[in-house]
Amino acid sequence: MKKQIIMVLSAITVCAVFLGCAKATTSSEKNNHSNTETAAQQQTQSEQPPAEQTPIVYMTKDISSAGLINIYNQLNFSPQGNVAIKLSTGEAGNTHYLDPNLIKDLVQSVNGTIVECNTAYGGSRASTAMHKQVAKDHGFTDIANVDILDENGTMELPVYENASHLKYDIVGANYANYNSMIVLSHFKGHAMGGFGGAIKNISIGLVSSNGKMYIHSAGASDSSWSGGTQDGFLESMAEAAQAVHNDKLNNGGIVYISVMNHLSVDCDCDGNPAEPEMHDVGILASYDPVALDKACVDIVYQTPQQQSASLIERIESRNGLHTLDYAETIGLGSKQYNLVNIDV
């Protein structure tokens, strides 16, 4: 019964904020939301919010450079040292990736370097030279330096000690050059994960080609896609994401921003993605990748069926929500959150 109540309140929250109502919260106690927001405002810029607090997810409908800067500022985050900006450069032929003009001001304001890894499925980004050309063609090299992290090999990050599948996370060797990370995700569907958001961006998105196979096979092989189940793949994404999240927490910090536009059922890694059926929504941000992905998913489910049916079918046909369930179980984040509309 308690779980059912939480789910109902979460749905009401997303619906209220999405429709432009006053600030809302998934908590049943409004005072809890007020206390959480005050605490967030008082924390020092280099601190992450205390783990026992219900995570805040900020939201704006303003999908613009100014809107992105505004929602980033809500996080009160001060990156330390070298700053990595993790995003998808998009496959050649895809036009749904994040617009460089949208992110330029934020990236340059933190002196960030755009980071990516090569793909394992072939395509136009399977090698560093090809990948850099796509990054140039898509306009990313015009706004910042672009670092293909596995250009110089790989390195391993430790995973959760009780991880069910992975013994380590295989990221690009250049990952070690960065202290802080701002994770800029384009939320959309995904052919294998059901949806792609923050968790996918720092798991599959940060590993080398053999690291991708290692996750897809649920730890069975780093040279073959086969060997694992669908749920094992989803759980392995969460384990890999937690490795990155914990590593950056112990260094210069990490925050997550997701843009809900061009909401195709297909990922930016698809060179010929389906046209979006769902309207653009806005930008969401949080310190918690699970809460952020859950908030984005909740918005999809609260959107009228004539727009959201295909994306929901994609999520459910891949059991995509299991990623969030498992991520919460291993302590990566929380599916409960306070949603704060910064437009009101």
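Modeller: Residues are numbered from 1 along each chain as its sequence is written. In this predicted model, local features need pLDDT of at least 70, side-chain atom pairs count only at pLDDT 80 or more, totals for chains, interfaces and linings use all residues, and side-chain values use heavy atoms, with hydrogens and water left out.

Biologist: What makes L102 of helix α4 a buried residue?

Modeller: Buried means under 20% relative accessible area, with a 1.4 Å probe and protein chains only. L102 is among the buried residues of α4 (residues 100–109), together with P100, I103, L106 and V107.

Biologist: What do the buried residues of α4 pack against?

Modeller: They pack against α3 (65–74), β2 (83–86), β7 (180–186) and β10 (254–260), where contact means heavy atoms within 4.5 Å.

Biologist: Why are β4 and β12 called edge strands?

Modeller: Two strands pair if DSSP finds at least two bridges between them. In the open sheet of 8 strands, ordered β4-β3-β2-β7-β10-β11-β1-β12, β4 (146–148) and β12 (338–341) each pair on one side only.

Biologist: How do you know that β1 and β11 pair?

Modeller: β1 (residues 56–60) and β11 (residues 282–286) share 3 bridges in the antiparallel sense, and the definition asks for at least two, so they count as a pair.

Key
Buried means under 20% relative accessible area, exposed over 50%, partly exposed in between (1.4 Å probe, protein chains only). Helices (H or I, at least four residues) and strands (E, at least two) are DSSP runs, numbered from the N terminus.
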